[in-house]
Amino acid sequence: MRTVFSKYHGTGNDFILIDDREHAFDEKDEARIARLCDRHFGIGADGLILIRKEEGCDFRMVYVNADGKPSSMCGNGGRCAVKFAADHHIVRKKEVTFLAVDGMHEAVIGEKTIKLRMKDVHGIEDGGDFMFLDTGSPHYVKFSANVPGIDVYSEGKKIRNSDRFRKEGTNVNFIEKKDNVLLVRTYERGVENETLSCGTGATASALVAGVHGISTTPTRCDISTPGGNLSVHFHRSEMHFSDIWLEGPAEFVFKGETEL
């Protein structure tokens, strides 16, 4: 069977997207998905996204990690899903709603960026030299004195495979404030490597910056990742965050057909 796919990226975090409104693709076929996402023998991507029909909203986003295993929420993937749906006329409006694994999301399509509403965050664990929180996906956030120079793969892998996180896994973010912008680099579980950007990681890092009083403003944090720039808008009440919006580009790369 051959299927049509599109490749999109959000600040370098790249995804295979498939219009699966007929429910023809088996999202539980781990080997097939891992092969499609493989950068040497497949299309190459950080994950795969299926767009399906869903009652009560514009569509459902099914996201699977590059290793073929089910994933938690993906912020950059969510923005790419909205752009894909708009480009393929699945949605024909600027304000969109869709269902993801962590619940319902809203999105607003702008001229150059897409704003995605993330889940509220109630409580952040303060581990002393790190903070841990769930922004749709679990994130370990650690300050670094030299984010550009850190070995994200080695350091992130140690934390992700530590006794606490080995079974369920966690994403690991290293952050540093510089020139009123938060530098963020992320090791992603499921990819098991550094990605050029992580939407839920940027969100988690921004909220940690808000707790420490180093966000760009009290309600916004501008983020610089290796793949590009993002902004996170939020409302904070002590350690509780609401009205969280992740804003950034979502760009079409190419389309093609592949044998399944």
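This is a predicted model: local features need pLDDT of at least 70, side-chain atom pairs count only at pLDDT 80 or more; totals for chains, interfaces and linings use all residues.

The points below go from the whole chain to single residues.

1. The protein chain contains 4 helices and 18 strands.

2. Overall dimensions. The C-alpha trace spans about 50 × 40 × 30 Å along its principal axes. For 260 residues, a compact globule would have a radius of gyration near 18 Å, and the 17 Å of the protein chain agrees with that.

3. Burial and surface. Of the 260 residues in the protein chain, 53% are buried. The accessible surface comes to about 11,700 Å², and carbon and sulfur atoms account for 48% of it.

4. Contacts along the chain. Taking contacts with a separation of 6 or more, 62% are between residues 24 or more positions apart.

5. The largest nonpolar core. This core has 49 residues, and the members that touch the most others are Leu 17, Phe 59, Met 61 and Ile 223. Helix H4, residues 199-211, supplies the largest share of the core, with 7 residues.

6. Ile 223 in detail. Leaving out residues up to four places away in sequence, Ile 223 touches Val 181, Leu 182, Val 184, Ala 202, Ala 206, Gly 228, Asn 229, Leu 230 and Val 232.

7. Phe 252, Val 253 and Phe 254 make a nonpolar surface patch of about 250 Å². Phe 252 lies in strand S18, residues 251-259. Its relative accessible area is 42%, so Phe 252 is partly exposed.

8. Two backbone angles to look at. Most residues other than glycine have a negative phi. Asn 180 is not a glycine, yet has a positive phi of about 65 degrees. Asn 180 sits in the loop between strand S12 (171-178) and strand S13 (181-188). With a relative accessibility of 41%, Asn 180 counts as partly exposed.

9. The other angle. Asp 243, also a residue other than glycine, has a positive phi near 50 degrees. The place of Asp 243 is within strand S17, residues 240-248. Asp 243 counts as partly exposed because its relative accessibility is 36%, which falls between the limits of 20% for buried and 50% for exposed.

Key
Residues are numbered from 1 along each chain as its sequence is written. Side-chain values use heavy atoms; hydrogens and water are left out. A nonpolar core is a set of buried Ala, Val, Leu, Ile, Met, Phe, Trp, Tyr and Cys residues joined through side-chain atoms within 4.5 Å. Buried means under 20% relative accessible area, exposed over 50%, partly exposed in between (1.4 Å probe, protein chains only). Helices (H or I, at least four residues) and strands (E, at least two) are DSSP runs, numbered from the N terminus. Contact means heavy atoms within 4.5 Å. Patches are made of residues with over 30% relative accessible area and no salt bridge: like charges are joined within 9 Å, nonpolar side chains (Val, Leu, Ile, Met, Phe, Trp, Tyr) within 5 Å. Accessible areas come from the Shrake-Rupley method with a 1.4 Å probe; for residues, only the protein chains shown count as cover. A salt bridge is a side-chain nitrogen of Lys or Arg within 4 Å of a carboxyl oxygen of Asp or Glu. The radius of gyration is taken over C-alpha atoms; the globule rule is 2.2 Å times the number of residues to the power 0.38.
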